[in-house]
Structure formats: C-alpha cells, structure tokens
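Work through the exercises below with the model open. Each task is followed by a solution in steps.

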Amino acid sequence: MNTQLNTMGPEWFEWIKHNIQRGCTHESIIDTLQKTWSRVESLNAFNDVLNSLSKVDFKRPLIDTATNFVQLPDCRPQILFTLSNPYIVLIDNVLSISECDAIVLLAKQKGLNGSTVVDYDSGASVVHDARTSSGTSFERSENQFITALETRLSTLSNWPLEKAEPIQVLQYRDGQQYKPHHDYFDVTKPGSASHLIRGGQRVGTFVVYLTDVEQGGSTIFPNLGVEVRPRKGAAVFFSDVDEQGKPNPETLHGGAPVITGTKIVATYWQRERQFV
Ligand SMILES: O=C(O)CCC(=O)C(=O)O
Ligand SMILES: [Fe+2]
C-alpha cells in the first residue's frame with residue numbers, strides 16, 4: 001500500500017485503460033493496483049476508467065412509449081404517465097392480481113427482515129431509521145413468478161436481466177416508510193466503490209406494487225411534486241441517470257409512510273453492466 005502522500009497520476013489511469021482494453025480480468029487489474037494503492041483508491045480509479053470508457057456511447061434502459069400498450073409475450077401492460085426529465089414512466093398491468101398474490105406469499109414464506117441502507121463510508125448494509133420497511137430478496141429466476149416478472153421488466157425497458165440486481169420485496173405497514181433518497185451510488189463516497197464494482201452505476205429503478213393501499217404509501221418525488229399512488233399490479237419506472245449516464249439528483253424519491261393498510265412492493269434495480 002502507498003504510504004506517501006501521492007495521488008494516482010494520469011499514467012496509472014492510462015495503465016488501467018490499456019489493461020481493460022487488452023482484456024485483462026477486472027480482478028487482476030485491481031489486485032495489481034492494490035500492490036501500490038489502498039483498496040478504495042484502487043476501486044475508485046478502476047471504476048472511473050471503466051465509466052469513462054462506457055460513457056462514449058452511453059445507453060440506459062428505456063421503455064417504448066410510442067403506443068399506450070406494450071405487447072409482451074404473456075401480458076399487455078398499459079402506459080399511464082410519462083415524464084421526460086427525469087425519465088419516469090408509470091405502467092399498469094405489469095402483473096395480474098393473482099401473480100401479485102403469489103409473489104407476496106412466496107416472500108412471506110421466506111420471511112421478511114428489517115430493511116437496510118448502504119452505509120456511505122463502509123459500504124456495509126445497515127439498519128437505519130430512514131428505511132423502516134421489512135423485506136426479502138429472491139435469487140434471479142428463483143421461481144416461475146419471479147422469472148416472469150424479471151423477464152417482463154427487462155423486456156419492457158430493453159435492458160437485459162443480467163444487468164439487474166435480484167428482485168427484492170418490501171413490506172411497509174403502520175407508519176413505515178423509506179425517506180427520500182437516491183438509488184444511485186454517490187461516487188464521491190468511499191462506501192460506493194464496493195457496490196460499483198459489481199456492475200457499475202444503478203441506471204434504472206422499477207417499483208412494482210403488489211398490494212393496493214387504503215391510505216398513504218405513495219412513491220414520492222419531492223423535487224418534482226410527483227406522487228405515485230400504489231396500485232396492485234402497476235409499476236413505476238425511473239432512470240437514475242441522465243442521457244449522458246450522469247446520476248440525476250432530481251430522481252430524489254421515497255416511500256411515504258403507510259397510514260392505513262399494508263404496502264408491499266417488488267424493486268428491480270438495473271445496472272450499467274452485468275451484475276455480479
Ligand atoms: O416504496 C417505495 O415506494 C419506494 C422504494 C424505494 O425507493 C427503494 O426501495 O429504493
Ligand atoms: Fe429507492
């Protein structure tokens with residue numbers, strides 16, 4: 001590890017770029033960097049170079065909203081609302097009522113535990129009063145309902161399911177909420193590096209409503225004055241990044257407290273690259 005007060009000079013960035021382009025494994029590049037630099041310095045530099053390479057022709061998940069319905073092989077979701085910047089789309093009939101019930105049942109059978117948030121400094125998952133829901137996560141293609149949901153969301157947004165995190169199910173009741181936050185990782189925070197290395201930035205978020213809620217529980221976008229009320233089987237999608245791939249602070253959003261009823265959602269976060 002580097003003990004002098006050096007910062008990584010441009011020759012290191014060139015070296016990383018050269019090695020990525022000649023096909024070295026990411027692990028081997030990071031291992032070599034760590035012989036001279038700390039883990040966080042190494043991961044940050046590596047992520048910076050990888051990002052600068054992928055931004056040349058940046059693409060993000062997008063939903064085809066040319067027509068009001070999207071014909072998928074096994075269902076026909078309906079577009080109800082769009083906003084261009086930040087890019088938000090509200091889609092109804094992503095899941096049928098019985099599919100919602102099946103996913104809720106499967107999630108409850110697994111057991112719902114206190115939700116966590118990412119600690120900015122360490123990157124660890126920690127329980128925090130900003131997020132009081134409970135939840136569980138499914139492995140990719142864990143069962144027929146999860147596979148159907150992942151396939152629909154990836155087809156709808158033209159983004160392969162390999163570039164997404166496994167689906168999580170969250171439950172909120174009696175005042176539980178998720179205070180406004182961003183889903184993207186703050187690249188200036190040391191705790192982000194260990195997340196970014198697993199597939200790059202979060203570029204798309206789906207929140208799929210698995211229950212109707214009597215009162216409260218909206219997905220809120222405080223900077224936009226937009227509030228999406230939960231509707232069983234519907235989903236809200238938003239791009240966490242702008243057209244250039246830069247994290248978009250206007251995507252600030254939260255889950256408002258549930259006042260009456262139970263809100264259960266499935267979340268699906270999409271990454272720049274394959275999620276590992
Ligand atoms: O519950 C919601 O409406 C939003 C959930 C959310 O923002 C998240 O899980 O990151
Ligand atoms: Fe979120």
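## Exercise 1: the largest pocket

Task: find which residues lie nearest the centre of the largest pocket, and describe its lining.

Step 1. The lining of the largest pocket holds 36 residues, and T116, V117, V118, Y178 and R202 lie nearest its centre. On a 1 Å grid over the protein atoms alone, a pocket is an open set of points where a 1.4 Å probe fits, with protein on both sides within 12 Å along at least five of seven lines; a cavity is a set from which the probe cannot get out, and lining residues have an atom within 4 Å of a point.

Step 2. Two or more lining residues come from each of β3 (113-114), β4 (117-118), β6 (134-137), β7 (168-173), β8 (178-181) and β16 (262-271). Strands (E, at least two residues) and helices (H or I, at least four) are DSSP runs numbered from the N terminus. β8 provides the largest share, four residues.

Step 3. Sorted by class, this lining has twelve nonpolar, 15 polar and nine charged residues. Ala, Val, Leu, Ile, Met, Phe, Trp, Tyr, Cys and Pro count as nonpolar, Asp, Glu, Lys and Arg as charged, and the others, Gly among them, as polar.

Step 4. The space in the largest pocket is about 930 Å³, a volume being the space filled by probe spheres set on the points, which are joined across faces, edges and corners.

The model is predicted: local features need pLDDT of at least 70 and side-chain atom pairs pLDDT 80 or more, while totals for chains, interfaces and linings use all residues. Residues are numbered from 1 along each chain as its sequence is written, chains are lettered from A and ligands numbered from 1 in the order written, and side-chain values use heavy atoms, without hydrogens and water.

## Exercise 2: ligand 1

Task: state where ligand 1 sits and which side chains its oxygen atoms meet.

Step 1. Ligand 1 sits in the largest cavity, meaning that more than half of its atoms lie within 2 Å of the cavity's grid points.

Step 2. The residues around ligand 1 (a heavy atom within 4 Å) include R131, H181, T219 and W269. β16 gives the largest share of this shell, three residues.

Step 3. From an oxygen atom of ligand 1, an N or O atom in the side chain of T219 is 2.5 Å away. For a polar side-chain atom of H181 the distance to a ligand oxygen is 3.1 Å, and for one of R131 it is 3.4 Å.

Conventions:
A polar contact is a pair of N or O atoms within 3.5 Å; within protein, one must be able to donate a hydrogen and the other to accept it, and residues adjacent in sequence count only if both atoms are side-chain atoms.
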